[in-house]
Amino acid sequence: MTEVHVSVRHLVEFLLRSGDIDNLSGTGASDAMEAGSRIHKKIQKAAGSGYNAEVKMSVTVPYENFLICVEGRADGVIVEKSGITIDEIKGTYKKLDFIKEPKREHLAQAMCYAYMVLTKENLSEIGVQVTYCNFETEAVKRFRNTLTKEEIIAWFMEIMQEYAKWAKAEVEWKKIRDDSIEEMKFPFEYREGQEKLVGLCAETYESGNFLFMEAPTGCGKTVTTLYPAVREIRKSGIERIFYLTAKTITRTVAADTLAILRKNALRIKSIVLTAKEKICILDEPDCNPIACERAGGHYDRVNDAIYEVITSKEELSREIIEEYAKKHKVCPFEFSLDLSLFADVIICDYNYVYDPHVYLRRFFSEGNNGKYLFLTDEAHNLVDRAREMYSAVLAKEDMGALAAILEAELEHPRRLPIPVSYARQIAVTLHECEASFLKVKRKCDEGCYVYPDFNLFAPQLKALNRFTAVVQKVLETPERKRGGKLWKAILNYYFEVSHFQSMWELIGDEYKLYARLCEDGKTEVKLLCMDPGKILRSVNKRAAGGVMFSATLFPVEYYKDLLGGTSEDPEILAKSVFSKENRRILTAMDVTSRYDERTDDNYEKIAAYIYRTVKAKQGNYMIFFPSFDFAERVHRILYKKYAPVVFDVILQTEGMSEREREDFLAKFKKSGINDRYSEGKSEKNGNEDQLCLPGFAPAGAGSKRGKAIPIHKGLASVTRSVVGFCVLGGIFSEGIDLTGEDLIGVLVVGGGIPFVTKDRELMREYFDENAGRGYEYAYQIPGMNKILQAAGRLIRTEKDRGIILYLEKRFLKPEYTVLFPEHMLFEETVSLNTVSKHIAAFWNMQD
């Protein structure tokens with residue numbers, strides 16, 4: 001008979017929740033969770049021999065044609081001569097005097113376990129106790145009651161009856177879903193090597209490992225990974241698939257792939273999670289009943305909204321979520337998180353699995369042991385994202401600034417959002433933090449100080465702990481007023497400090513702690529995670545298996561090391577399905593972006609390479625540079641030396657808006673550029689009348705973005721090439737598709753080597769000591785990934801043709817050559833004198 005499993009905690013929290021979403025009365029949930037474990041152990045240890053701690057138990061309740069299995073672990077079962085009592089322990093920062101009765105959900109958890117013990121032991125009555133313990137004082141307050149067999153059974157059966165409709169919907173849906181998976185076929189004719197990749201993914205999922213796969217563009221990596229994962233739902237009982245991405249475009253591709261599978265018989269519930277900032281109905285999220293009408297009574301209405309959606313929809317898109325959130329007047333973001341509990345496939349950002357604060361606790365908190373698959377797309381991006389997630393930084397000056405604002409407000413106590421006594425305590429602790437960080441500043445004689453021992457930071461950590469302890473008390477006091485900019489500022493800084501404290505709990509050999517004097521005058525202390533592999537490996541244990549994949553996951557051993565791979569995890573480098581005849585890859589032997597060789601002569605040679613390449617074959621090109629400044633320098637030389645230029649140059653600029661990005665890419669469309677010539681206006685530039693192309697970036701450094709680049713009047717009616725000057729690692733170097741004649745060439749300037757920073761130098765030292773590959777891991781491979789991503793913009797379909805030209809002579813050295821996958825390795829070397837001939841020869845073959 002079909003079984004529906006539900007944890008005690010989820011059961012009571014889902015069914016009994018009510019009231020508002022209220023960020024103004026936060027409880028510090030993540031901090032309480034961490035401190036709670038300590039409190040539990042302390043109370044359990046002091047309880048005596050009759051106290052049985054962490055007792056695992058379950059009960060199965062039959063309903064129609066399925067079974068509801070309720071499972072959990074009771075904090076305590078107290079066995080005394082007078083009878084048995086179930087103990088539910090809860091830690092709190094709230095003063096115990098403010099707690100007049102147990103919270104309904106807490107009492108309900110104890111009553112569920114009481115039912116399990118009472119029915120198993122055939123008792124006539126049982127005790128139910130909720131124990132509250134203050135995290136700071138460790139004072140304890142208990143609420144205890146004795147319930148009869150009839151009372152417990154009646155209450156529990158009422159809960160089961162309410163949950164039954166949800167369980168029934170789940171059972172009926174799984175039958176429909178599993179039957180459709182049996183009928184589902186691969187939706188395309190297999191490309192060369194694709195069936196092997198599908199099989200390898202399936203084997204990896206079944207073995208419980210993670211596959212590391214480089215899958216070049218054209219391999220169909222999304223359907224290759226998703227199709228076997230969906231089949232594992234029926235075959236191996238996989239509960240959910242998490243399709244993890246770094247960008248919106250890849251989330252769209254995953255959703256589109258599921259739509260294709262649906263056309264091939266599949267019935268599956270999927271959801272795309274959208275960031276709170278994007279889906280919020282307010283200009284800026286402010287989740288409380290005062291700021292947002294939907295926050296008030298959200299939990300009273302949300303379950304009705306959930307039930308309507310899950311019994312009528314399968315593809316839970318952003319539009320569906322927004323439509324039903326509006327209908328039921330609930331928060332669309334929180335609504336989407338609840339809906340994810342009923343989805344078979346969750347398409348979301350990396351954060352929802354890997355971020356230590358944002359991760360979905362409803363799936364991954366302690367005690368939740370679901371069978372999940374993690375499919376991590378564009379996994380090369382996860383290395384830096386994980387480093388950022390697991391690092392933390394604090395500035396001394398921020399402490400003093402917040403203390404000063406708070407002290408100014410203390411002059412007007414009625415305006416304070418918190419009790420005056422707490423406001424003073426927060427100001428005092430902030431000054432203590434600032435004073436302790438001043439001592440750190442004095443260590444930075446040479447601008448930076450790396451701690452040789454983490455224990456030397458103990459005084460500063462204690463000061464930070466005092467600050468967060470006061471804020472945590474404020475969070476639970478009923479005396480606090482609501483809202484205001486000051487309270488938001490306090491909360492935001494509290495979250496920064498809490499993150500630092502949380503990361504401190506993770507420190508190991510892969511961490512470095514250092515202080516530095518910044519150019520803006522601030523003193524920063526940074527806890528740097530140099531190698532996120534160990535932490536990611538522990539997070540991946542939450543899954544039953546998965547795949548890390550990207551078009552640029554090379555060299556694979558580097559990504560296995562830094563993404564938490566193990567020796568048992570398989571790896572594969574898929575072959576490109578595109579013909580080598582469709583592209584020519586060249587490397588220049590006489591230019592470089594090395595900092596000590598950035599001479600005028602070098603810049604002029606790069607400008608000449610660009611001019612000769614575009615002149616050799618009319619069409620659209622993208623040129624990728626190490627920096628905005630580098631691009632500007634070449635741009636000025638190009639227009640100075642080769643005017644009038646017979647092509648139009650557009651520049652990526654810093655901080656481009658979404659609309660500006662779209663306009664930039666639109667220039668590459670075949671119909672985009674010439675249609676805009678009529679919009680040009682005549683301007684005087686020196687002694688020449690010129691036409692200007694609206695929206696193009698400026699020709700000269702220092703000019704304002706948006707001013708038009710001059711276009712000579714005599715060429716205005718001629719079909720012209722578009723040449724985009726872009727930055728390596730920027731918004732146009734990955735995730736965009738320009739096919740056919742929209743893009744016929746990519747030139748990549750330099751080796752993509754990251755700038756030398758303290759972080760990079762510490763990483764270099766760390767990887768030198770641990771793997772003997774410091775420069776390679778800290779600089780060379782991250783730089784090469786930018787190169788490969790940029791070059792990969794060229795060939796997107798089997799019909800695309802074009803030139804890739806690497807303008808970096810260092811690539812001729814063996815230590816660089818080995819970092820190119822076979823399908824991206826250059827075939828010929830060229831000089832400024834021969835490049836035109838090589839390009840012309842390639843295009844003559846195509847013609």
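1. Let's start with a pair of charged side chains: Lys522 and Asp398 meet in a salt bridge, 3.0 Å from N to O. A salt bridge here is a side-chain nitrogen of Lys or Arg within 4 Å of a carboxyl oxygen of Asp or Glu. The pair links distant parts of the chain, 124 residues apart: Lys522 sits in the loop between strand S15 (511-517) and strand S16 (523-529), and Asp398 in helix H15 (residues 396-409). Helices (H or I, at least four residues) and strands (E, at least two) are DSSP runs, numbered from the N terminus. Lys522 is partly exposed, with a relative accessible area of 26%, and Asp398 is partly exposed at 25%. Those words have set limits: buried is under 20% relative accessible area, exposed is over 50%, and partly exposed lies in between (1.4 Å probe, protein chains only).

2. A word on the model: it is predicted, so local features need pLDDT of at least 70 and side-chain atom pairs count only at pLDDT 80 or more, while totals for chains, interfaces and linings use all residues. Residues are numbered from 1 along each chain as its sequence is written, and side-chain values use heavy atoms, with hydrogens and water left out.

3. How many salt bridges does the structure hold? There are 46. One of them joins Arg177 and Asp344, whose closest N and O atoms are 2.7 Å apart. Arg177 belongs to helix H4 (residues 149-183) and Asp344 to the loop between helix H11 (332-339) and strand S11 (345-349), 167 residues apart. Both Arg177 and Asp344 are buried.

4. Next, please look at Thr592, in the loop between strand S19 (583-588) and helix H21 (600-616). At 1% relative accessibility, Thr592 counts as buried. Its side chain makes a polar contact with the side chain of Glu808 at 2.6 Å. A polar contact is a pair of N or O atoms within 3.5 Å; within protein, one must be able to donate a hydrogen and the other to accept it, and residues adjacent in sequence count only if both atoms are side-chain atoms. Leaving aside neighbours within four places in sequence, Thr592 is in contact (heavy atoms within 4.5 Å) with residues including Glu597, Glu808 and Lys809. Glu597 and Lys809 also join Arg594 and Asp596 in a network of salt bridges.

5. Now for the sheet. It is open, with seven strands in the order S21-S25-S20-S26-S27-S19-S28 and parallel pairing. Strand S21 (647-651) and strand S28 (828-830) stand at the edges with a single partner strand each, so one side of each has no neighbour in the sheet. Neighbouring strands are turned by 20° against each other on average, direction ignored. Two strands pair if DSSP finds at least two bridges between them; strand S20 (residues 621-625) and strand S25 (residues 721-727) have five, in the parallel sense. H21 packs on this sheet, and its direction makes about 165° with that of S20. Such angles run from 0 to 180 degrees between N-to-C directions, using axes fitted to C-alpha atoms, for helices over the stretch in contact.

6. Last, follow helix H6 (residues 221-236): its 16 residues reach 22 Å from the first C-alpha to the last, close to the 22 Å expected at 1.5 Å a residue. The expected span is 1.5 Å times one less than the number of residues. H6 is mostly covered, with 12 of its 16 residues buried. Just after H6, Gly237 takes a positive phi of about 75°.
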